[in-house]
Amino acid sequence: MNITTKSLKHCDLVSASGRIDSATAPQLAQALDALTKSNKFKIVLDMSGVEYMSSAGLRALLTTQRQCRRYNRGEVVLAAVPQNIKETLELAGFTDIFKIYDDVVSAVGSF
Amino acid sequence: MRTQLFLADFSNLQQMREFVAQAARDAGFDEQETYAVQLATDEAASNIIEHAYRGQEGGQIEITCQARSDGLVVILRDHGRSFDPQRVRPPNLKAKLSRRSIGGLGLYMIYHLMDEVQYQTEPGAGNVLTLFKRRGVQE
């Protein structure tokens with residue numbers, strides 16, 4: 001898995017690619033933690049390059065969403081989610097707690 | 001029928017997924033069904049590594065794939081601690097964000113991705129999780 005983080009004017013953009021499972025999810029958690037620890041709570045996660053995600057990835061997303069939504073200081077939104085992964089999010093009931101945008105531009109524009 | 005032994009380590013999950021994906025494609029599964037088999041196997045193996053072996057080194061997971069006329073059987077065997085799937089509380093998928101728990105989500109996903117799930121534990125013979133997915137049935 002590969003992760004890059006970019007600071008934008010109104011939010012931070014995290015782009016993940018490859019496979020997110022129990023072996024690699026800690027890398028994603030670490031990248032997201034680094035942002036929340038720097039008081040950055042408006043985060044767009046670009047998932048266009050993610051080929052696979054198990055519940056280990058869901059765990060990292062849930063932990064970060066809790067941090068971000070606390071005191072209404074922000075949130076994590078998801079962008080360009082591949083169909084397979086969207087189905088996993090639906091199965092886990094995560095579509096109620098994460099906004100999903102078709103592309104990065106509209107996700108970034110939501111902040 | 002094909003069987004492969006894997007060291008119970010998260011770094012081997014990708015190999016396990018590839019192993020079952022190949023069997024699923026050979027059994028005539030489409031990409032969506034193949035993905036479901038990979039995800040269910042990953043969740044099951046991750047649970048074995050995390051809960052049955054509890055990070056203990058040297059544990060193994062034996063995976064057997066068996067094509068049937070109507071689908072694919074995937075069997076995972078381990079020699080770690082056993083558990084009672086009936087005692088794992090299902091996750092509350094409607095709970096508020098602050099009350100969401102990730103515990104039990106992997107097992108919940110396995111039950112939804114596969115058509116049949118059986119768990120058996122025999123003293124000395126280890127734990128056997130048998131998963132079956134029917135071909136051509138859309139979720």
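**Close-up views of a two-chain predicted model**

**View 1. The contact between chain B and chain A.** The contact draws 27 residues from chain B and 25 residues from chain A, as seen in this predicted model. Between chain B and chain A an area of about 2,200 Å² is buried, and carbon and sulfur atoms give 58% of that area. On the side of chain B, the residues that lose the most area to chain A are Tyr35(B), Leu97(B) and Arg100(B), which together account for 34% of what that side buries.

View 2. Three salt bridges are counted between chain B and chain A, and one of the salt bridges brings together the side chains of Arg17(B) and Asp21(A), with an N to O distance of 2.8 Å. The count of residue pairs in polar contact between the two chains, both residues at pLDDT 80 or more, is ten. The elements of chain B that give two or more residues to the side touching chain A are α1, α2 (31–52) and α3 (105–113), and α2(B) gives the most to that side, with eight residues.

**View 3. Strand β4 of chain A and its residues.** Strand β4, residues 75–79 of chain A, is mostly covered, five of its five residues being buried. Glu75(A), Val77(A) and Ala79(A) point one way from β4(A), while Val76(A) and Leu78(A) point the other way, and all are buried.

**View 4. The strands paired with β4 of chain A.** Strand β3 (residues 42–53) of chain A runs parallel to β4(A) and is joined to it by five bridges; in β4(A), Glu75(A) is the bridge partner of Lys42(A). The chain passes from β3(A) to β4(A) through helix α2 (residues 55–69) of chain A, in a β-α-β crossover that is right-handed. Strand β5 (residues 99–101) of chain A also runs parallel to β4(A), with three bridges joining the two, and in β5(A) the bridge partner of Val77(A) is Lys99(A). From β4(A) the chain crosses through helix α3 (residues 83–91) of chain A to β5(A), and this β-α-β crossover is right-handed.

View 5. Phe19(B) lies in helix α1 (residues 13–26) of chain B, and Phe19(B) counts as buried because its relative accessible area is 11%, under the 20% limit. Apart from its neighbours within four places in sequence, Phe19(B) is in contact with Arg2(B), Thr3(B), Gln4(B), Phe6(B), Ile63(B) and Cys65(B). Phe19(B) and Cys65(B) are 46 residues apart in sequence, and their C-alpha atoms are 8.7 Å apart in space.

Key
Residues are numbered from 1 along each chain as its sequence is written. Chains are lettered from A and ligands numbered from 1 in the order in which they are written. This is a predicted model: local features need pLDDT of at least 70, side-chain atom pairs count only at pLDDT 80 or more; totals for chains, interfaces and linings use all residues. Side-chain values use heavy atoms; hydrogens and water are left out. Buried means under 20% relative accessible area, exposed over 50%, partly exposed in between (1.4 Å probe, protein chains only). Helices (H or I, at least four residues) and strands (E, at least two) are DSSP runs, numbered from the N terminus. Two strands pair if DSSP finds at least two bridges between them. A crossover is right-handed if, with the strands pointing away from the viewer, the path from the first strand over the helix to the second runs clockwise. Contact means heavy atoms within 4.5 Å. Buried area is the accessible area (1.4 Å probe) that two parts lose on being put together, summed over both. A salt bridge is a side-chain nitrogen of Lys or Arg within 4 Å of a carboxyl oxygen of Asp or Glu. A polar contact is a pair of N or O atoms within 3.5 Å; within protein, one must be able to donate a hydrogen and the other to accept it, and residues adjacent in sequence count only if both atoms are side-chain atoms.
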